[in-house]
Each structure stands twice: as structure tokens, then as C-alpha cells.
Amino acid sequence: MSLVGPLLLATFLFCVGIYGVIARRNAVLVLMSVELMLNAVNINLVAFQNLLFPAEAAVSGHLFALFIIAVAAAEVGVGLAIVLNLFRTRATVNVDDVDLMRW
Amino acid sequence: MDPQTAGWALVVALFLPLAGAGLLALIPARLDQQIRRAAVVITGVSFALVAAITAAFDFGDAGTLQFVTDVSWISAIDANFHVAIDGISLPLFFLTYLLTFLCAIYTLSNLPAPGKPKGFLGLMLLLQTGMAGTFVAFDLILFFIFWELVLVPMFFMIGMWGGPRREYASVKFFLYTLFASIFMLVAFLAIYFQAGAETWSIPELSAAAGVGGTTFQTWAFLGIFFGFAVKVPMWPFHTWLPDAHTEAPTVGSVLLAGVLLKMGTYGFIRIALPILPEGAMRFAPMIGVLAVIGIIYGSLCCLAQTDVKRLIAFSSVGHMGFVMLGIAAMNEAGIQAALFGNIAHGVITGMLFFLAGSMHERYHTREIGVIGGGMLVKMPKYGVLLTYVAVASLGLPGLAGFWGEFAAMWAAISPGGDLGDAYGGLYLGLVIFAAIGTVLTAGYFLWLLQRVNLGQPPARWADEPLDDVLRIEWVSWVPLLLLILALGVFPRLVFGVQDAAVTNLMSFVTG
Amino acid sequence: MDWMLDYAWLVPALPLLSAALIAAFGKLMPGKGSELGVLSLAVAFLLSVGIAWETFTAPAPMEPVEHAFEWSPLGGGFVIELGMLVDGLTAMMFLLVTLVSLMVHIYSREYMQGEPRFTFFFAMLSLFTFSMLLLVIANNTLQAIIGWELVGLCSFLLIGFYWEKKPNQDAANKAFLVTKFGDVGLIVGVIVLSVPMFGASGSPFNILELNQAAADGAIGQGTIVLGMLMIFLACVSKSGQMPLHVWLPDAMAGPTPVSALIHAATMVTAGIFLLARLYPVMAQSLLVMSVVAVVGVITLFFAGLVALVQDDLKKVLAYSTVSQLGYMMAALGVGGYTAGIFHLFTHGFFKALLFLGAGSLIHAVHSNNMSDMGAMRKAMPHTFWTFIVGSIALAGFPLTAGFFSKDEVLVAGQYWPYATGGLVFWVGLAAAFVTAFYMARVCFLVFWGESRSHHPPHESGRQMVAPLVVLAILSIASGYIGSPVWDDDNNFGTWTATPVLAEADYPFVADDELGTGLQGGGEVLAGGAQGQAGSASVLAVEGEEGEGLGAGSILHGPPSWHLDVLLMALAVFLAAVALAWRIYGRGKPEEDPTLNMGPLTTVLVNKYGFDDFGYRYIVVPVRDHAARWASWSSNVVLDGIVAGAGKLTRDAAMTTYRVLDQKVIDGGVNGAAFSAAWWSERLKRVQSGDVQRYAAVLVAGVIVLVVVFAAAR
């Protein structure tokens with residue numbers, strides 16, 4: 001099996017993620033887009049591990065992917081909590097309205 | 001205590017004030033008087049310990065390090081915790097503890113708005129550890145840490161308890177000195193890597209008879225020079241000083257003049273000269289010229305002042321000029337003179353700031369014109385004290401101020417190394433101009449005395465009840481007043497202690 | 001009695017002790033501390049007498065007694081010494097200082113009665129005496145600096161004794177600052193002269209070693225000229241030489257006993273003493289000698305003229321002091337070592353007497369001005385005759401102390417083979433005329449005429465009169481030990497001679513040069529009563545072995561009669577007194593002097609025409625023009641330079657501070673801070689707070705990097 005397929009898929013997902021992060025205004029959707037990017041990376045890691053180092057006993061790529069899934073879960077948890085709090089105090093989840101960190 | 005083995009005593013004395021600051025933090029803030037008394041006890045015990053160290057100090061062997069503690073501290077960067085004391089450190093170390101003790105006593109009854117003795121005294125104790133550590137650290141990293149440690153408490157002391165322009169003054173003080181010390185740190189790092197031995201130990205680096213080549217030494221010296229020169233302060237790096245002094249609370253001014261400025265000149269002598277002798281030789285004529293400009297210039301500025309505290313602050317520029325002239329002479333007599341001048345200036349100018357502070361307490365102004373004279377009528381004892389200290393400050397023989405000035409000029413006539421051959425005429429000129437500076441010094445002090453002390457008090461003060469010297473003031477001042485006389489009559493008290501250590505140190509410089 | 005020399009340190013120690021005791025316990029004592037001062041000075045005086053006797057009778061030249069201990073190390077193996085050097089010069093100064101100080105102490109007990117700060121006054125008197133003696137006893141120049149500056153401080157504190165009034169404060173400050181300016185010279189001079197002595201011993205400041213080295217020619221000319229001219233600058237300011245004499249007349253603002261002790265007899269002579277102490281060094285350079293002589297000559301003449309137009313009695317005496325100090329300086333400048341310090345010695349007594357007498361008068365009439373006195377001889381007989389004795393001694397009336405010493409000075413001028421010698425002789429003679437004239441004027445105005453006092457004058461009490469009597473006796477007697485009637489082997493000259501001086505030569509005097517220089521004066525000298533025919537024998541000192549010294553030797557040998565000088569001096573004296581009597585005999589200073597002279601002038605013009613000429617071309621130019629010009633130049637020009645220098649310095653200070661310091665240097669510091677603030681104001685816009693924009697920038701950055709690296713491949 002060639003690497004091209006998974007890499008193309010990953011690239012597509014990553015670009016969609018970047019687009020989402022940059023262009024969407026809804027904080028929830030931004031978070032989801034981040035997830036897309038992370039999963040694109042996961043696809044890459046798994047693909048590289050399987051296709052380039054199939055005989056390797058230490059499955060670092062898989063391990064990294066699992067790590068990322070776990071961290072992403074935590075991140076989404078924290079992120080959603082922030083978004084929730086944001087909604088409670090400001091009644092909006094539009095990221096344009098949240099510019100407290102401005103100068 | 002055996003000075004060879006009792007390193008613990010020095011460490012205890014060094015960190016006692018720091019522990020005391022922690023202790024003060026535990027006392028509830030409402031126990032105002034108890035906090036002040038506790039601070040007196042802490043500084044008193046520290047001073048007693050230092051007095052005991054001084055008594056146990058082997059004066060016959062003042063050239064070698066005593067009370068040594070040298071243990072590995074941060075092994076990753078080869079930094080050691082190396083503290084010790086020798087004849088050069090001892091007088092300054094002693095002075096630090098004495099002045100802090102007296103300041104604590106003074107604070108029993110005098111503390112400017114907004115009060116809060118807990119914070120104030122805690123900062124003072126922190127400051128004490130920083131100052132004292134600078135004088136006993138024999139590791140460049142340790143030295144630098146103590147050096148920087150001093151900035152923070154002084155910043156807050158000026159910034160919170162200072163005069164009307166305290167924020168401006170404190171920020172200026174902090175930034176200027178910090179900025180300069182960065183260059184010093186860079187130079188330290190360069191020395192560390194250049195030395196090859198990868199050590200921060202001051203004695204080892206000194207014994208290496210010069211680190212790197214002449215070019216390296218010149219650049220490294222320039223960095224260190226900038227760091228120390230701002231602290232001294234040398235002309236033209238002095239402008240933070242009048243502001244800081246004027247705005248600082250009395251105790252802050254006393255410690256600033258009495259100890260902080262000495263850290264700069266001490267650094268020159270302890271670090272810059274022995275580690276970078278060739279660089280020092282190259283820079284010595286320039287240092288001498290700047291020093292003498294400082295003498296003349298500081299005195300001229302004093303003549304133009306209308307604010308008592310600012311006048312005294314500018315007088316420090318002139319007096320430290322004499323100290324730097326001694327260093328520029330690059331011989332043993334010059335170093336002796338510089339160190340003596342350090343001590344004398346600390347005692348005298350510290351006392352002058354005490355007086356200026358108390359004057360402000362009474363008149364609620366520092367403007368000479370508003371005070372308007374007649375203090376000898378209004379507060380005779382106070383007037384006599386001001387005269388006494390002013391006369392000491394203008395360098396009258398028999399009082400402390402004379403020896404540092406005279407010896408500096410005397411040393412500068414025959415500068416060490418090849419300087420005499422190359423710059424003999426320049427140094428003769430420096431001596432003459434420095435001597436003219438003493439006339440200007442006399443001029444502004446006499447004029448100050450005339451305007452403040454003499455004549456009849458103006459109408460606005462005539463019926464004002466102004467307290468003459470209070471009991472608590474006597475207690476905190478008498479040691480300094482006696483020291484001014486004692487140093488003048490027995491210059492051996494300082495010269496004698498330093499002699500062997502200076503000989504030792506200069507053997508690294510001139511070979 | 002030998003032990004006395006070893007205990008000479010007690011002489012300065014006693015006044016120091018009494019100063020401390022008076023300061024500490026004076027107010028508790030019945031006499032408010034004054035008795036402590038008198039007691040310590042009395043003991044010190046007795047010791048001084050013993051020391052003087054020992055040194056006087058010792059075979060000349062006496063080997064100096066030197067003791068010193070290491071006071072403190074000074075770095076580099078050098079030490080500061082505290083020591084004593086006792087020889088004839090020291091003993092002479094001891095005697096003068098302790099005696100005058102004792103007299104002033106006794107006198108002040110009555111004079112200062114009821115003053116506030118009475119105890120402080122006595123503590124300061126004692127402290128001053130200590131400082132002066134410390135300077136005198138110093139065996140090293142550094143110790144001399146200490147004494148020198150301490151006397152300056154005491155002088156400052158005592159001039160400003162009545163510090164409630166501004167003129168007094170100004171006078172005190174002026175005195176301190178002008179002398180402090182001279183101290184620059186002393187410090188630099190001492191430092192310069194210490195350099196060649198680095199190898200000699202631990203203390204590079206030792207005076208004996210310095211003198212010996214200089215006499216041996218071991219010190220370079222450049223060093224000597226620079227060092228001694230610098231030290232001379234200090235002497236100019238301390239000893240009131242022109243143009244730095246300006247402080248001395250103002251210093252009369254202090255109480256009169258202070259003027260007597262400090263500003264007449266002792267402190268102002270410190271400059272003379274110091275040059276005498278370092279005479280072997282000074283004698284190495286003709287340039288230095290000439291400068292000293294010229295300054296002395298200018299001072300002795302012009303200061304004397306100024307005294308003519310003063311109404312304030314103390315100012316007359318002050319200018320007179322300046323003038324007499326000029327004599328001493330001039331004597332030192334023309335090789336008259338003995339003459340200079342002999343005049344110092346005698347002048348100390350009679351000038352102290354005059355000041356104390358003036359104090360007695362002032363005490364009686366409550367005014368310093370002669371226009372408030374007049375006819376005082378009736379009310380104050382003791383003051384009168386003692387004052388007259390002092391005056392004639394000052395004026396150089398034959399057989400008084402001032403006569404012998406002033407003649408020595410003039411004779412020294414005659415001996416000197418250079419132009420300055422003649423200058424000293426002739427100008428000195430002219431100034432002797434002026435001296436006699438103004439003293440006669442003072443005496444006539446004060447003691448003759450009609451009483452113009454606003455208070456009925458009364459004679460002073462015993463404690464004030466007794467010192468006057470003692471000093472009056474000494475004003476006559478003290479001259480004899482330096483006079484030809486005294487023993488040739490033990491006189492003032494042998495007393496103050498030192499071994500170095502006795503052996504030293506003037507290196508610049510060639511043997512034949514001095515011979516020819518003396519040929520002219522030789523005949524005159526030959527007329528001397530002692531028959532000192534040849535120039536060589538005139539110069540020979542009768543040393544221990546009676547060996548004759550070379551032509552360039554420094555000491556002149558025993559005093560001899562100089563009939564010509566005597567006659568000239570007498571003539572000058574008589575002429576001056578006569579002239580003064582003509583002008584001031586009526587004692588009416590309230591009338592304009594010109595009008596006062598009016599009828600007399602008319603008569604004389606009508607009869608002889610000589611007086612008119614004398615008045616118009618001598619009296620008027622001298623009294624009205626030259627003296628006023630001198631007074632003006634002193635008060636306006638020279639004083640103006642001092643004041644101008646002060647103002648200029650203050651202006652410079654203001655400008656330096658306001659422009660250079662606050663604007664330029666501090667501006668640079670502040671500028672650095674402001675530019676940081678300015679940039680941060682602009683750069684902070686990047687921080688939009690929009691997370692998505694950050695992300696976009698991030699992505700853009702990555703793309704750029706990828707492109708760059710791809711291109712780099």
C-alpha cells in the first residue's frame with residue numbers, strides 16, 4: 001500500500017482544520033477544527049509507522065497517536081469548559097468578541 | 001572562635017538578618033512598637049556577632065581569607081558558595097552591620113508615611129543581607145546575586161516610603177543600576193569562559209595573573225567598569241544618585257550613601273583590578289580623569305543646590321571621586337586611600353543624611369532658603385552636630401574625611417605600573433585639580449552652614465517649638481560621631497587592618 | 001634638664017588636654033573653664049622656657065632632637081609618623097606661642113567677661129594653641145598640614161565668634177576659603193616634595209631627611225621649584241601676603257584677643273615658620289628665593305600704605321601685620337633666614353601688645369574707630385604707655401626689639417648679591433617710614449587731642465593690664481638676644497641655626513659672585529662697630545669648631561652694628577613721626593585731613609614752599625592717592641577677583657547643573673527610557689487579542705518558511 005493515500009487524506013483534513021481555525025467565528029467550531037488537525041497528524045503517525053517501519057517492535061507512531069488522542073480529549077475538556085464559562089459571562093461564543101488579551 | 005575554622009560564624013551573621021526578616025513577617029502588623037523593637041534586637045544580635053568576628057579576626061594575618069566557607073553550590077555551572085573575610089572586607093562588613101543597627105534604632109521613633117514598620121524593617125533586613133553578602137562573597141556568581149539582591153528592597157524603600165517624586169526616583173535607581181549590571185554579568189561570563197579553568201572563584205582568577213590577552217581584558221574591564229561606575233557613581237553616570245537620595249527615606253539615604261555606593265568601589269578593587277590588571281592599567285588614566293571631573297563637578301553642583309538633601313547627595317559624587325582617584329593611582333597607597341575614603345564617606349555622609357532627615361522632620365522642608373538660618377539659635381546642639389559633620393566632610397585633618405582625600409592625592413602623584421612614566425604629567429594635573437576640589441568642597445559646606453546654622457532664625461520659625469536632638473537620635477548618632485573622630489585620630493584603625501590585604505591584592509595587579 | 005627636650009611633646013599636649021576639659025566640664029567650673037586654659041598654658045609656658053634654655057645654651061648648631069612613632073601604615077610600606085622635632089626654631093616658636101597664648105588667655109578672662117559662649121571661646125583658644133604647637137613641633141610635613149589646617153579651622157570659628165551678624169559670617173568664610181585655597185598649594189607641595197623621598201625611609205614626609213637631601217643636592221631642581229612654589233602659595237595665603245592678604249583685615253571681625261593671638265602673633269606667621277623650616281630646600285633655587293622676596297617686598301610696602309587711611313584701629317594694625325609679614329617673607333627671600341624669624345619673634349610680642357592694647361581701648365570706648373577715641377592717655381595711663389612702647393617697637397625706634405629685627409632684615413637685603421637684595425633694602429626702608437608714620441598717626445589720634453568717646457573711658461582691670469605690661473617689657477627686651485650687644489656665641493642666630501643650615505650653601509651663588517656683590521656694601525659694613533671688615537668674615541658663622549664657612553653659606557654669622565642702617569632707620573623714624581605730628585598732632589580725625597592740613601599748609605607754603613611740595617607731591621600722593629589706590633586695589637580689584645571668582649564659580653555651578661547635568665546628561669538617560677516607551681506604543685498594536693489572526697500569521701509564517709527552505713534546497 002502506498003503512502004500517498006493516507007498523506008493526501010491527512011493533508012486534506014489538516015487544511016480543513018486550518019481553515020476552520022482561522023475562518024470560523026464560533027469557538028466550538030474552532031475547537032472542532034483543532035481536533036481535525038490533530039487527527040490529521042494521527043493519520044500521518046499511524047501511516048508512517050505501518051508503512052515505513054512495519055517490522056519495528058517499538059511502535060512509537062502508534063503510541064504517539066494514542067498520546068495525542070488522550071491529550072486532545074483533555075484539551076477539548078478544558079476548551080469546552082472555557083467556552084462554557086465564556087458563554088455564561090458574555091452570552092456569546094463568537095471569538096471576535098473575545099479580545100481581552102488585546103494590548 | 002578560631003578564624004581558620006569558624007566559617008559558620010560568618011554564614012550565620014550573613015543570614016541572620018534574612019531569617020530576622022522572616023521572623024518579622026510572622027508578627028501581626030498591628031504590634032507596631034514590638035516590630036520595631038524586634039528589628040533592633042535582630043540587627044543588634046547580628047552586629048554583636050560581627051563584633052565578635054572582628055574581635056576574633058586574626059589581624060596579624062589580615063592578608064589571607066579567614067572564616068572561610070567554600071562548598072559546591074550549583075555544580076552544573078561550577079558555582080560555589082564561597083564566603084570569607086579579609087582585611088579589605090572587614091571594615092566594610094563591620095560598617096554595614098553598624099549602620100543597619102543604628103538605622104533600626106533610629107526607626108524606633110522615626111518612620112515616614114505610610115508607616116508600616118513591618119514591611120519597612122523587613123526590607124531593611126533583606127537589604128542588609130544583600131549588602132553584607134557583596135562584601136564577603138568570593139565567587140562571581142554569588143557576588144552577582146548579592147549585588148542584585150540589594151536593588152529590590154532599596155527600590156521598594158524609596159518607592160513606598162520616599163518623598164513626592166519617589167516613583168520616578170525609585171524606577172530610575174532600579175533601572176539604571178540594573179542596566180549597568182547586565183554589562184557586568186556579561187563580562188563575568190566572558191571571564192569564566194576565557195579563564196579556561198572554568199571557575200568563578202575570585203581568588204583563583206586573581207591568582208591567574210590576568211585572564212586572557214590585553215584586548216580581552218580591555219573589553220571585559222569596560223563591561224565591569226560600567227557596572228561598577230554607575231553604582232559608585234562616577235561622573236557622568238551619577239544622575240540617578242541625587243534623585244534617589246533626595247526621595248529616599250532617611251534610613252534609605254543613610255544606607256545608600258553609607259554602604260551601597262561602597263559596593264561599586266569595592267567591586268573595582270576586589271574584582272576588576274586583580275582579575276583584569278592589564279585592562280585596569282589601560283583604563284586607569286581615564287578613571288582618574290573622570291574621578292577628578294567628578295570632584296570638581298560634584299562640588300560645583302553642590303554650590304547650586306537649594307535642597308539640603310540634594311546637596312549632600314551631590315557631595316557624594318565629589319567624595320567618591322577621591323575614592324576613584326585612589327583606585328586610578330593603581331598602587332597600594334591608592335587602594336588604601338580608596339578603601340579608607342569608602343569607610344570615611346560611609347560614616348560621615350551617613351551621618352549627614354541622618355541630620356538632613358531629622359532637619360526635615362522638624363522644619364518639614366529641605367529648602368535652605370525656607371529654613372533660612374539661625375539653627376544654632378533654635379537648636380544649638382543640632383547646629384553644633386551639623387557643623388562638626390560638615391567640617392569632617394570637607395576633609396579637615398583630625399577627622400575621618402582627611403585621610404582618604406589626602407592619601408588619594410598622595411598616591412596619585414606616583415601611579416603604579418608604567419603609569420608614572422606614561423602619564424606622569426596627567427597625574428600631577430589630577431592631583432592639583434583634586435586639591436582645588438577640596439577648596440570648592442569647603443566652599444559649599446561653609447556656605448551651607450552659613451545659610452542654615454548662623455544668623456537669627458526667620459520669623460516663621462521664631463515661635464515654632466523645634467525639638468533639639470532627641471534621646472533616640474543621640475543613641476543612634478553617637479557611635480557615628482565618635483567613629484568620625486576616632487578614624488581621624490587613629491587612621492590605623494582602617495589603614496592597619498587593610499595593609500596586608502592590600503599588599504596581597506596589589507601583588508596580583510602589579511606583579 | 002636634658003629630659004625637657006624629650007618631653008617637648010607635653011607642650012602641645014597640655015593645651016589639647018585643657019581644650020578637651022574646657023569643652024567637657026568648663027561650664028561647671030567657677031571661672032567657666034578659663035582657669036583651665038590659663039593653668040595649662042602656664043605649665044606649657046614654663047616647659048617652653050626650659051626647652052628654650054636648653055636649646056639656647058646648647059653648642060651651636062644644635063643637633064635637633066627627633067622622636068617619632070609610627071602612627072599608621074599608609075600602604076606600600078610607607079607610614080604616617082607622628083613625631084616631634086625640637087631644635088632652636090621649635091623652641092623659639094614654643095616660647096612665642098605659649099607666652100602670647102598665656103597672655104591672651106589671662107587677658108580674655110576679663111575682656112570676654114559676660115560674653116555668651118565664654119566657655120566655647122576658651123576651648124577654642126586652647127585648641128588653637130594646641131594646633132599651632134602641633135604644627136611647630138611637627139617632624140614631618142604631613143603633621144604640619146594637620147596643624148596648619150586645624151589652626152585654620154580655629155581661626156574660622158573664632159573670626160565668626162559673633163556669628164549672629166552677617167559681615168562676621170562672611171569674614172569667617174572668606175578667611176577659611178582664602179587660606180584653604182592656599183592649602184591646595186601646601187598639599188600639592190608636600191606631595192611633590194615627598195616623591196624624591198620615597199626611597200629614604202618609611203615616612204616620605206620627614207622634614208630633616210628632606211632638608212638634608214635638598215642640601216646634598218639630591219632633589220631635582222624641577223621638583224624643588226614646583227614643590228616650594230606650591231608651599232609658598234600656602235604661605236602667601238596663610239601669612240597674608242599680597243594678593244591673598246584680603247582675608248586678614250576682614251578677620252578683625254573676631255574678638256580682639258583672637259586678633260592678637262591668631263591674626264598677629266602666631267597663626268599668620270605659620271607661613272614664615274614653614275618656609276624657615278624648609279629653608280634648606282628653598283635655598284636650592286634662586287627662582288623660589290626671588291619669588292618669595294618680590295612678593296614680600298610688594299606686600300611690605302603696599303600693605304603699609306593701606307594702613308594710612310584706616311579709621312578702624314584694628315584695621316590699621318591688621319594692615320600693619322600684613323606689612324610686617326612682608327618684611328619676614330622678604331628677609332627669607334634674600335637669604336636672611338635668621339633675620340626673618342627674628343622679626344617673627346619680636347613682631348609676635350609687640351604686635352600682640354598692640355592688639356591687646358587696642359582691645360583695652362575698644363573695651364573702654366565700645367568702638368573700634370579712632371574717631372571715637374582721642375585723649376585716651378589721661379583716662380588709661382597703663383594702656384597708653386604700653387601702647388606707645390609697642391608702637392615704637394613696631395616703628396623700629398632704636399634699641400627696641402623691632403629696631404634690631406628690622407635692621408637685620410634690611411642688612412640681609414644688603415648682603416644679598418642679587419637685585420632683590422637692593423629692592424628689599426630700599427623698599428624696606430621706605431616702608432619703615434610708612435610704618436612709623438601710620439603708628440604715629442594712630443598714637444596721636446588715639447591718645448592726644450580731645451576725647452570724642454561716647455562713653456566715659458576707664459582704665460581696664462588688672463587681668464588686662466598685666467599682659468600688656470609683660471608684653472611691653474618683651475617688646476623691648478626680646479630684641480637684645482639677636483643684637484650685637486649680646487654674646488657672639490649664643491645669640492638668636494646660633495639658637496635657631498640647624499646643622500643642615502650651617503653646612504648648606506646656596507648652590508647658585510658662585511664664590512666670586514657673592515664677593516663682588518658685597519664689595520659695594522663692604523665699605524659700609526666695614527664701618528660696623530665690631531669691625532667686620534671683609535665680606536668673608538661677615539658671612540662666617542662662629543661654628544662649633546670655629547670654622548669659617550664658604551661664601552655661599554646660608555647663615556650670616558653673629559649680628560653686628562651697621563651704623564649706616566641704624567642712622568637711616570633713625571632718620572626715617574624721626575621724619576615719619578615728625579610728619580605725623582604735623583598732620584595728626586591735634587588728634588582731630590573728624591576734620592577732613594586736607595582741611596586739617598589747610599592752615600599749616602598755607603603757612604608753610606608762604607614761608608618755605610617746601611611743605612607745599614611735600615604735601616602736594618608726597619603726602620597727597622602717598623596718603624590720598626597711593627594709599628587709597630592701594631586700598632582700592634586691595635578692596636575692589638583683588639577682593640573683587642576673589643568675589644568674582646566666587647560668583648563665577650557659582651554661575652558656572654548653576655550652568656553646569658541646569659544645562660549640562662539636568663538637560664544633556666540626564667536628558668540622555670531619560671531619552672533612552674522615553675524612546676523605549678515610544679516604540680512600545682507602536683509595537684503593541686500587533687497584540688490584537690484576536691486568536692485567529694495569530695493563527696493566520698502562524699500559518700503564513702510556516703508557509704513562508706517552507707517556501708524559503710524549499711528555495712534554499
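This briefing looks at a helix pair in chain B and then at chain C. The model is predicted: local features need pLDDT of at least 70, side-chain atom pairs count only at pLDDT 80 or more, and totals for chains, interfaces and linings use all residues. Residues are numbered from 1 along each chain as its sequence is written, with chains lettered from A and ligands numbered from 1 in the order in which they are written.

**Helix pair in chain B**

- The axes of H13(B), residues 308–329, and H19(B), residues 419–452, come within 11 Å and cross at roughly 160 degrees (axes are lines fitted to C-alpha atoms over the stretch in contact, with angles from 0 to 180 degrees between N-to-C directions; helices are DSSP runs of H or I, at least four residues, and strands are E runs of at least two, numbered from the N terminus).
- That makes H13(B) and H19(B) roughly antiparallel (angles over 145 degrees).
- Touching here (C-beta atoms, placed from the backbone, within 7 Å) are B:Leu311, B:Gly318, B:Phe322 and B:Leu325 of H13(B), and residues of H19(B) including B:Ala434, B:Gly437 and B:Tyr444.
- By class, this contact has 7 nonpolar, 3 polar and no charged residues (Ala, Val, Leu, Ile, Met, Phe, Trp, Tyr, Cys and Pro are nonpolar; Asp, Glu, Lys and Arg charged; the others, Gly among them, polar).

**Chain C**

- Chain C has 29 helices and 2 strands.
- Among contacts in chain C with a separation of 6 or more, 79% join residues 24 or more positions apart.
- On the chain A side of things, 11 residues of chain C are in contact with 10 residues of chain A.
- The chain C side of that contact has 4 nonpolar, 4 polar and 3 charged residues.

Note on methods: Parallel < 35°, antiparallel > 145°, perpendicular 65-115°, else oblique. Contact = placed C-beta atoms within 7 Å.
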